[in-house]
Amino acid sequence: MKIKSDWILPDLKAAQKRTKNAVPYINHFELEDYVRYIGKGKKYYISTFGCQANQRDSETLAGILDAMNFEPSEKPEQADVVLINTCAVRQNAEEKVLGEIGNLKRVYRENKDLVIGVCGCMAQEEKLVHTIIDKYPQVRLMFGTHNIQDLPNMLYKVIYQHERLIQVYSKEGEVYENLPVHRFGNDKAWVNIMYGCDKFCTYCIVPYTRGKERSRTMEEILKEVNELKKDGYKEITLLGQNVNAYGKDLATNYDFATLLAKVAETEIPRIRFMTSHPWDFSDAMIDVIAKYDNIMPFVHLPMQSGDSDVLKKMGRRYTAESYKTLFDKIQDRIPGVAISTDIIVGFPNETDEQFQHTLDMVNYCKFDNCFTFIYSPREGTPAAKMEDTVPSEVKSKRLAILNQTWNKYALEKNKQYEGKVVQVLVDGPSKKDPSTFTGYSPENKIINFTGENIKAGDFVDVYIERAKTFSMDGKALCYNKNK
């Protein structure tokens with residue numbers, strides 16, 4: 001493998017470091033003249049894998065490309081620049097990304113001027129970068145999560161200096177404000193409130209790929225929310241790897257509960273947030289969610305395991321009992337709240353008894369929704385070094401049992417909505433049936449319904465006729481509500 005002297009390769013050890021150094025805040029973005037018109041007459045295509053944070057990053061990538069006079073393309077075959085924004089959380093995500101890169105080999109063969117770039121969390125992984133260098137010569141650009149703002153200069157080098165460029169920084173990170181943005185939706189928007197994570201759960205690669213916890217200022221967040229409200233957006237989701245830790249790195253006395261209340265006071269119709277860590281979920285947060293009608297009664301509260309010993313090995317900082325106590329508080333104090341969770345089965349050396357404790361917790365909590373996974377080792381994390389004696393077929397069986405269990409409760413919860421009326425923010429016509437509309441209730445339930453004179457962005461009262469495990473069916477009672 002030939003490594004060029006000007007390449008910057010990822011370093012997981014460097015990415016693990018945490019200091020008390022002040023976070024740099026950069027709020028100025030300006031395109032130099034030599035890159036401003038690179039995209040004139042050219043098109044771009046962005047493929048995004050992973051979470052909402054990746055989606056929001058892709059909006060920034062698109063905004064920068066727009067500013068360079070590129071135009072978006074609906075197909076990679078018609079593009080001059082293809083960016084694949086990647087997720088590193090699970091092995092199957094990596095396999096999908098490599099599959100897509102492989103499929104683009106034909107397109108590159110037909111157009112040697114095509115720039116294929118890989119960015120995002122996977123680009124922060126040492127092994128993955130070396131794999132792409134060795135086996136995927138069609139990838140001409142790689143960069144990570146810390147230098148999206150440098151895209152114009154990187155593209156200039158690749159396009160005009162005909163370089164293969166790799167610039168992946170492993171560091172704590174900065175906060176960039178006022179970067180261009182191309183919102184992918186007209187009614188719902190993501191708003192970053194912080195970046196990075198300091199929890200270092202033993203199975204998770206995110207603290208290495210996203211840097212340390214660093215919060216945006218409340219003033220900048222509220223400015224963005226008010227601009228979105230002015231532009232007609234109906235719903236925002238506040239984003240962070242752990243939103244509950246917001247403000248801990250700032251020299252202020254406010255926290256996420258304070259921010260959440262201030263955002264609610266903008267009177268934007270709907271507010272959500274992702275994702276919460278149980279360790280940092282405060283009573284003040286619960287009180288704020290319960291107080292404001294425009295904060296949706298929905299909480300995603302990752303449990304990961306229902307066994308305290310497994311949670312300790314995961315580095316989760318809470319026990320099964322403390323999770324149960326928090327769950328009860330949320331359910332008791334927020335009227336009509338729906339709670340979803342994440343659960344990992346087959347963590348190294350998980351016993352039958354420990355798995356049963358997870359099932360016991362699911363039977364207790366009766367979650368509205370669960371995202372369940374078989375443990376996927378990520379190279380560089382402590383858990384990846386743990387010896388594991390549990391056969392893969394046992395893990396698969398446990399996952400099937402878990403899914404059967406939570407599906408039962410999800411259906412029971414949804415059945416309680418039959419015969420009731422819920423307010424739905426309309427996403428648009430259903431992809432499967434254009435005569436049916438789809439949207440979400442305040443509790444984050446998927447609602448499919450029939451009606452007339454309805455468009456995306458409307459608030460519609462829907463009578464629920466039939467509940468299913470993952471969605472509900474109904475009919476609209478009134479149309480084009482403003483709120």
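Q: Which residues of helix H14 are buried?
A: In this predicted model, the buried residues of H14 are Lys395, Arg398, Leu399, Leu402, Thr405, Trp406, Tyr409, Ala410, Lys413 and Asn414, and a residue is called buried when its relative accessible area is under 20%.

Q: How do you know that the length of helix H14 agrees with 1.5 Å a residue?
A: Helix H14 has 24 residues, 392-415, and should therefore span 34 Å, while its end C-alpha atoms lie 35 Å apart, which agrees.

Q: Why are helices H9 and H10 called roughly parallel?
A: The axes of H9 (residues 256-264) and H10 (residues 283-291) come within 8 Å and cross at roughly 15°. Angles under 35 degrees count as roughly parallel, and H9 and H10 are therefore described in that way.

Q: Why is Asn69 called partly exposed?
A: Asn69, in the loop between helix H3 and strand S3, has a relative accessible area of 27%. Buried means under 20% and exposed means over 50%, with partly exposed in between, so Asn69 is partly exposed.

Q: What is the phi of Phe200, and where does this residue lie?
A: Phe200 has a positive phi of about 50° although it is not a glycine, and its place is in the loop between strand S10 and helix H7. Most residues other than glycine have a negative phi.

Methods: Residues numbered from 1 in each chain as written. Predicted model: local features only at pLDDT ≥ 70, side-chain atom pairs only at ≥ 80, totals over all residues. Heavy atoms only, no water. Axes fitted to C-alpha atoms, helices over the stretch in contact; angles between N-to-C directions. Helix = DSSP H or I, 4+ residues; strand = E, 2+ residues; numbered from the N terminus. Parallel < 35°, antiparallel > 145°, perpendicular 65-115°, else oblique. Expected span 1.5 Å × (residues − 1). Buried < 20%, exposed > 50% of the residue type's maximum accessible area, 1.4 Å probe, protein only.
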